[in-house]
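Me: Can you walk me through this model? I'd like to go piece by piece.

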Amino acid sequence: MTVGAIVAAAGSGTRLGKGSKALVPVNGRTTLSRVVELFLSLDEIEKIVVVAPAARLDVAGGEVEALAPRKPVKVCAGGESRQESVRAGLAALGECSHVLVHDAARPLASAALVRRVLAAAVESGAAFPGLPPRDAVKRVEGHRLVESLDRSRVVLAQTPQAFSYQVLVRAHAEAADAGMVGDDDAQLVAAAGHAVTVVPGEPANFKLTTPEDLEVVEALLREHEVSVGAPPTRARGEEVRR
């Protein structure tokens, strides 16, 4: 079994308002650096592709080089949408048995979560982590309630998502031919007729999207780094204050 990983880091970060989310320092380091470091630490993953904004490939490449990777890591340009970026990542990754796709904006995914999703994908061909919603879920149209949904039948999808390489390549090709745009890769694979397994996600696997999220992610990272005894982090070029 050969496993590759695609780090989706080409988003413009419009809602965050600070440029590319993957390259914004959060508690001293970029989310891109944290995610690539996680994948480098996992023996199951043999090669990595970072899909970055075309205008900032040099910055993304610098973040990767600073980690002194001991396995192949490519940095390539993304497309206009996340879907196009993942497709570019698949082309750059090349043939393997399974592929993980993870948003760089989720810097707190654990190694246990990655392995849980990958194990499910090896068994079934496709898997993603999900969390049950805590609040009541409603379907609305024009600011009016249309339907109350059964929370026991709904999950909030996370990444990393994992797939058989051939299953994901075929799903992206079929989506491109049909002009279909999905919210994530699991949706494309399901639309191609392949069953997708759901495994338990992690509440801390928070996605950085808005300025309010930045404070939450920073707090979670500080808590995590204190709990594991990590040394103080610093932005590149800054001295650590003692």
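Reply: Here is a short tour, taken topic by topic.

Me: What sort of model is it, and how are things numbered?
Reply: It is a predicted model: local features need pLDDT of at least 70, side-chain atom pairs count only at pLDDT 80 or more, and totals for chains, interfaces and linings use all residues. Residues are numbered from 1 along each chain as its sequence is written, and side-chain values use heavy atoms, with hydrogens and water left out.

Me: Let's start with H3. How many residues does it have?
Reply: Helix H3 covers residues 82-93 and has twelve residues. Helices (H or I, at least four residues) and strands (E, at least two) are DSSP runs, numbered from the N terminus. From first C-alpha to last, H3 reaches 16 Å, close to the 16 Å expected at 1.5 Å a residue. That expected span is 1.5 Å times one less than the number of residues.

Me: Which residues of H3 are buried?
Reply: Gln83, Ser85, Val86, Gly89, Leu90, Ala92 and Leu93. Buried means under 20% relative accessible area, exposed over 50%, and partly exposed in between (1.4 Å probe, protein chains only).

Me: And what do the buried residues of H3 pack against?
Reply: Four strands are on the list: E1 (3-8), E4 (45-52), E5 (73-77) and E6 (98-103). Helices H5 (165-178) and H6 (185-191) are on it too. Contact here means heavy atoms within 4.5 Å.

Me: What follows H3?
Reply: Gly94, with a positive phi near 80 degrees.

Me: Which residues have a positive phi although they are not glycines?
Reply: Asn27 is one of them, at about 55 degrees. Asn27 sits in the loop between strand E2 (25-26) and strand E3 (29-30). Ala68 is another, at about 50 degrees. Ala68 sits in the loop between helix H2 (57-65) and E5.

Me: Buried or exposed, for Asn27 and Ala68?
Reply: Asn27 is buried, at 18% relative accessible area. Ala68 is exposed, at 55%.

Me: Where is there a cis peptide bond?
Reply: Between Thr159 and Pro160, with omega about 15 degrees. Pro160 lies in the loop between strand E10 (156-157) and strand E11 (161-164).

Me: Back to helices. How many of the ten residues of H1 are buried?
Reply: Nine of the ten residues of H1 (residues 31-40) are buried, so the helix is largely enclosed by the rest of the structure. The buried ones are Thr31, Leu32, Ser33, Arg34, Val35, Val36, Leu38, Phe39 and Leu40.

Me: What about Thr30?
Reply: Thr30 is in strand E3. It is buried, at 6% relative accessibility. A polar atom of the Thr30 side chain lies 3.1 Å from the backbone nitrogen of Ser33. Not counting residues up to four places away in sequence, Thr30 touches Ala22, Leu23, Val24, Pro25 and Glu63.

Me: Now His98. Which side chain does it make a polar contact with?
Reply: The side chain of Ser97, at 3.0 Å. A polar contact is a pair of N or O atoms within 3.5 Å; within protein, one must be able to donate a hydrogen and the other to accept it, and residues adjacent in sequence count only if both atoms are side-chain atoms.

Me: Where is His98, and what else is around?
Reply: His98 lies in strand E6 and is buried, at 12% relative accessibility. Leaving aside neighbours within four places in sequence, its contacts include Met1, Thr2, Leu118, Phe163 and Tyr165.

Me: And Ala105?
Reply: Ala105 is in the loop between E6 and helix H4 (111-124). It is buried, at 6%. Beyond four places in sequence, Ala105 is in contact with Lys21, Thr31, Phe206, Lys207 and Leu208.

Me: Which residues line the largest cavity?
Reply: Arg82, Gln83, His172, Gly182, Asp183, Asp184, Asp185 and Leu188. H3 and H6 are the elements that give two or more residues to that lining. On a 1 Å grid over the protein atoms alone, a cavity is a set of points where a 1.4 Å probe fits but cannot get out, and lining residues have an atom within 4 Å of a point.

Note on methods. On a 1 Å grid over the protein atoms alone, a cavity is a set of points where a 1.4 Å probe fits but cannot get out, and a pocket is an open set with protein on both sides within 12 Å along at least five of seven lines; lining residues have an atom within 4 Å of a point.
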